[in-house]
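Hi,

Here is the structure I promised to pass on. Have a look at it first, and then read my notes below.

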Amino acid sequence: MQGGGGSTAAYRWMAPELLNDMSKMSAASDVFAYTMTCLEVYTGDIPFPKVQEFQVATMITRNEKPPRPSNVSDELWALWENGWEGDVDKRLTMTRYVERLNAMA
């Protein structure tokens, strides 16, 4: 499961607030990473697979999202967008995230 030249850089899964200050690690940053991991499991490829290493952190800090796979439902994509929310205070809690996942099942 490696794209983009075999990258394993952890910042592909890091919330924007962590890219600026690692001391801001929180449950909200875990939700961001979990959402990126969900995308990875769903697609079989790393987040931002066609983006060069040096560009990924900049894209995340600009609140840019990975490209939407064509086979992702609107409901799942909306959930992922909430999990990738750039504003920590607006990002879903993990409890709410799981509730929404369960509602989709």
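I'd start with Thr 35, whose side chain reaches the backbone oxygen of Val 31 at 2.9 Å. Before going further, a word on the source: this is a predicted model, where local features need pLDDT of at least 70 and side-chain atom pairs count only at pLDDT 80 or more, while totals for chains, interfaces and linings use all residues. Residues are numbered from 1 along each chain as its sequence is written, and side-chain values use heavy atoms, with hydrogens and water left out.

Back to Thr 35, which is found in helix α2. (Helices are DSSP runs of H or I with at least four residues, numbered from the N terminus.) Thr 35 has 0% relative accessibility, so it counts as buried; that word means under 20% relative accessible area, with exposed over 50% and partly exposed in between, using a 1.4 Å probe and protein chains only. The side chain of Thr 35 also makes a polar contact of 3.2 Å with the side chain of Tyr 97. (A polar contact is a pair of N or O atoms within 3.5 Å; within protein, one must be able to donate a hydrogen and the other to accept it, and residues adjacent in sequence count only if both atoms are side-chain atoms.) Not counting residues up to four places away in sequence, Thr 35 touches Trp 80, Gly 83, Trp 84 and Tyr 97, where contact means heavy atoms within 4.5 Å.

Lys 65 is 19 residues from Trp 84 along the chain, yet their C-alpha atoms are separated by 7.5 Å.

Next, helix α4, which spans residues 74-83 and has Leu 76, Trp 77, Leu 79, Trp 80 and Gly 83 buried. Seen down the axis of α4, these buried residues fall within an arc of 160°, so they line one face of the helix; the arc is that of the directions from the helix axis to the C-beta atoms. What do the buried residues of α4 pack against? They pack against α2 and α5.

Last, Ser 29, which lies in helix α2, residues 27-43. Ser 29 is buried at 2% relative accessibility, and its contacts beyond four places in sequence are Ala 15, Glu 17, Leu 18, Lys 24 and Arg 91.

Cheers

Methods
Helix = DSSP H or I, 4+ residues; strand = E, 2+ residues; numbered from the N terminus.
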